[in-house]
Amino acid sequence: MSEKIRPFVKWAGGKGSLIPQLNKFYPYELKNGIIERYIEPFVGGGAVLIDILQKYDVRQAYAFDINMDLINSYNVIKNNVQELITNLKRMESEYLKLEQEGRKTYFYNKRDEYNNYNLKENEQNIQRAAQFIYLNRTCFNGLYRVNKNGRFNVPVGKYKNPTICDEQNLRNLSNLIQNVQFQYGDYKKSLKYVTENTFVYFDPPYRPLNVTSGFTSYTKEDFNDDNQTELATFYRELNERNAKLMLSNSNPKNTNKEDDFFDNIYQGFNINEIYANRMINAKSNERGKISEILVTNYNI
Ligand SMILES: C[S@@+](CC[C@H](N)C(=O)[O-])C[C@H]1O[C@@H](n2cnc3c(N)ncnc32)[C@H](O)[C@@H]1O
């Protein structure tokens with residue numbers, strides 16, 4: 001398994017491009033190489049999880065997310081990768097042979113099918129995981145977003161030749177995550193697994209820099225300032241257990257130097273800065289290098 005393994009979905013707030021910078025803040029040195037327990041309470045596309053699993057000998061790992069489809073897909077990749085690939089290959093060949101209009105109809109039919117079915121907690125649904133990946137690969141900008149009613153509402157994309165089934169990557173990912181336990185639910189569910197030998201990486205929804213740039217629609221619930229404050233209290237609770245903690249967020253000082261929201265709620269911890277080419281912004285002319293914060297409870 002020497003080739004680089006990538007996330008299976010494109011995800012808003014995905015950390016893929018920040019990995020080289022985040023690496024420098026991991027609490028373990030590469031040379032000793034063992035992490036007894038790794039936890040990601042907001043796993044999303046899993047860029048950091050995948051990086052950690054490839055670089056360290058991780059004895060136990062737990063990942064959580066409040067997006068039920070995402071967790072279903074991880075579990076299907078972990079347990080039923082062959083059936084998933086068969087499903088995706090069928091969709092890929094059906095879709096790619098169509099012209100633009102036909103593709104559009106195919107996409108909206110799949111989207112309706114997806115939206116008209118209610119996935120249940122603890123259900124492992126291979127077809128549903130295939131639809132989720134198909135929609136992510138073929139929708140506009142390749143992103144997952146739902147409306148207030150929880151319906152996936154991204155329109156069809158215009159990719160000429162999208163890879164719907166990245167077979168090798170799915171197989172490699174499946175091998176890589178065999179020891180990871182994926183659980184659907186709120187990040188607080190992770191509490192009972194945190195011990196002093198645990199490294200926890202938190203990547204919650206970004207606190208929006210201004211009213212228009214926020215992308216928080218991973219699920220129908222939003223993550224507001226009260227939720228950020230509650231998360232900081234949770235962080236302090238885990239700090240009491242002597243776990244190693246690292247947390248990402250947007251830096252409000254990019255747009256308002258006076259905004260010390262995170263300085264207040266993470267007072268007493270190290271607030272480091274890293275630089276990102278943030279990809280999701282309401283206005284494309286706002287793209288560019290902005291800083292993000294990385295809160296750690298240890299020194300590098
Ligand atoms: C910034 S993204 C994580 C991105 C991830 N690090 C990556 O590289 O793709 C935040 C994730 O938190 C999840 N989320 C939002 N509220 C949550 C909650 N209360 N508990 C657990 N997960 C939550 C969202 O569904 C989303 O996947």
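Guide: Gladly! Two residues are in contact if their C-beta atoms, placed from the backbone, lie within 7 Å. Please keep in mind that this is a predicted model.

Visitor: Then let me start with a serine. Which residues does Ser250 touch, not counting residues up to four places away in sequence?
Guide: Ser250 lies in strand β5, which covers residues 244-250. Leaving out residues up to four places away in sequence, the contacts of Ser250 are Tyr206, Arg207, Leu209 and Glu292.

Visitor: Is Ser250 buried or exposed?
Guide: A residue needs 20 or more other C-beta atoms within 10 Å to be called buried. Ser250 has 22 such neighbours, so Ser250 counts as buried.

Visitor: How far apart are the C-alpha atoms of Ser250 and Ser291?
Guide: Along the chain, Ser250 and Ser291 are 41 residues apart.

Visitor: Now the largest nonpolar core: which domains does it lie between?
Guide: This core has 64 residues, and those touching the most other members are Ala63, Ile77, Leu84, Leu88, Ala130, Ile133 and Val200. Its largest share, seven residues, comes from helix α6 (residues 126-138). Residues are given to the core by both domains, so it lies between domain 1 (16-66 + 185-296) and domain 2 (72-169).

Visitor: How do α3 and α6 lie, roughly parallel or roughly perpendicular?
Guide: Helix α3 (residues 68-79) packs against α6 with the axes 9 Å apart and an angle of about 115 degrees. Angles of 65 to 115 degrees fall in one class, so α3 and α6 are roughly perpendicular.

Visitor: And which residues of α6 meet α3?
Guide: The crossing of α3 and α6 is left-handed. From α3 come Asp69, Asn72, Ser73 and Val76, and they meet α6 at Ile126, Arg128, Ala129, Phe132 and Ile133.

Visitor: Last, the loops. Is Asn122 buried or exposed?
Guide: Asn122 sits in the loop between α5 (100-115) and α6, and its phi is near 70 degrees, a positive value in a residue other than glycine. The limit for this class is 12 or fewer other C-beta atoms within 10 Å. Asn122 has 11, so Asn122 is exposed.

Visitor: What is the phi of Asn242 near?
Guide: Asn242 is found in the loop between α8 (225-240) and β5. With 13 C-beta neighbours inside 10 Å, Asn242 counts as partly exposed. Asn242 is a residue other than glycine with a positive phi, near 65 degrees.

Terms used. Residues are numbered from 1 along each chain as its sequence is written. This is a predicted model: local features need pLDDT of at least 70, side-chain atom pairs count only at pLDDT 80 or more; totals for chains, interfaces and linings use all residues. Helices (H or I, at least four residues) and strands (E, at least two) are DSSP runs, numbered from the N terminus. A nonpolar core is a set of buried Ala, Val, Leu, Ile, Met, Phe, Trp, Tyr and Cys residues joined through C-beta atoms within 7 Å. Domain bounds come from an automatic or database domain assignment. Axes are lines fitted to C-alpha atoms, for helices over the stretch in contact, and angles run from 0 to 180 degrees between N-to-C directions. Angles under 35 degrees count as roughly parallel, over 145 as roughly antiparallel, 65 to 115 as roughly perpendicular and the rest as oblique. A crossing is left-handed if the near helix is turned anticlockwise from the far one by less than a right angle, and right-handed if clockwise.
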